[in-house]
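Thanks for making time this morning.

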Amino acid sequence: EGVGPQEYTLVKMKVLEPYPPKLSSYKGTSVFLVAATLRPETMYGQTNCWVRPDMKYIAFKNISNEIFICTQRSARNMSYQGFTQFEGKLDVELNLVGNDIMGIKLEAPLTSNKVVYTLPMLTIKEEKGTGIVTSVPSDSPDDYAALLDLKKKQPLREKYNILDEMVLPFEPIPIIEIPELGKLSAVHLYEKLKIQSQNDKDKLQEAKELVYLKGFYDGVMLVGDFAGKKVHEVKKSAQKLLIDQGQAVLYYE
Ligand code: A2H
């Protein structure tokens, strides 16, 4: 990777009540799954949130008395970035695994979906971001592949107790138009490269590079506060909008 730290936009996805059993002690308190993204301008297209079923997560209280859920590794980093009352001091309140927070309702910023659900993605890495990934299947080939896996495979939904209504009604939302790739660039490349599943690593890598290469300079926003503007012009403004609305914070690693 490059020199120096990577800046992420940490998107706060609010857990809606009633909370699942493992979070029941937080009734009345604000709880967020925090997702690290490099593409704040795509938050208009969120359809769900990815969690890895077997991955360990923790809950901690931040300096504003909100509960954040993420990996312990990322929470430790946050404790050195002003997220906690005392620098470097992290009070782990709960130990969780992904399955404890699977199929729960969230409120996500900017998207036209009033409610989105946490769903399983099996390829989430431990050593990157927060272990929570927000899903934008219109513009992220990984997200589209994982969503399609769930849509196509009833046994996969059943394995993780995912109800049809958490998956089937959610379709990629056209939010960015890219010359040659259209208004759903991830879908276009998934089909063009004949990607089969979220485990199709090499083709997904190729698809991601193509979306990024063509999208950054030539992509045009179709919806929201920056409609009509180029992606590279609005990335910073979208990040600032989210931060000003209290729906995101900066995170580095
Ligand atoms: B991106 P980098 Cl629309 N494991 O956000 C796997 N993937 C992870 C992750 C983890 N632990 N943490 C974050 N990510 C994803 C939006 C998006 C993203 C779009 C298009 C491309 C894209 C919506 N998902 O990323 O290795 C997150 O998905 C393409 C790589 O640190 C995050 O941004 O560069 C990105 O990967 C961070 O990847």
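What pLDDT does the protein chain average, and what share of the residues score at least 70? The chain averages a pLDDT of 97, and 99% of the residues score at least 70, where pLDDT is the predictor's confidence in each residue, from 0 to 100. For the complex, the predictor gives an ipTM of 0.99 and a pTM of 0.98. Please keep in mind that this is a predicted model, in which local features need pLDDT of at least 70 and side-chain atom pairs count only at pLDDT 80 or more, while totals for chains, interfaces and linings use all residues. Residues are numbered from 1 along each chain as its sequence is written.

Now the fold. The protein chain has six helices and twelve strands, taken as DSSP runs numbered from the N terminus (H or I, at least four residues, for helices; E, at least two, for strands). Its radius of gyration is 17 Å, close to the 18 Å that the globule rule gives for 253 residues, so the chain is as compact as a globular protein of that length; the radius is taken over C-alpha atoms, and the rule is 2.2 Å times the number of residues to the power 0.38. Along the principal axes, the C-alpha trace spans about 50 × 40 × 35 Å. Of the 253 residues, 45% count as buried, which here requires 20 or more other C-beta atoms within 10 Å of the residue's own, whereas 12 or fewer makes a residue exposed and anything in between partly exposed, with C-beta atoms placed from the backbone.

Turning to the ligand, which residues come nearest? Of the 19 residues around the ligand, those are T37, G129, V136, D139 and S140, a residue being near if its C-beta atom, placed from the backbone, lies within 6 Å. The elements that give two or more residues to this shell are β2 (31–37) and β9 (132–135), and β9 supplies the largest share, three residues.

Leaving aside neighbours within four places in sequence, A35 is in contact with V11, M13, C49, T130, I132, V133 and T134, contact meaning C-beta atoms, placed from the backbone, within 7 Å.

Helix α4 (residues 185–192) is mostly covered, with six of its eight residues buried, and what covers those buried residues includes α2 (141–152) and α5 (201–218). After α4 comes K194, with a positive phi near 55°.

Three further backbone details deserve a look. The peptide bond from E17 to P18 is cis, with omega near 0°, and P18 is found in the loop between β1 (7–15) and β2. L110, although not a glycine, has a positive phi of about 70°; L110 counts as buried because it has 22 C-beta neighbours inside 10 Å. N161, also other than glycine, has a positive phi near 55°, but N161 is exposed, with 11 other C-beta atoms within 10 Å.

Terms used. Two residues are in contact if their C-beta atoms, placed from the backbone, lie within 7 Å.
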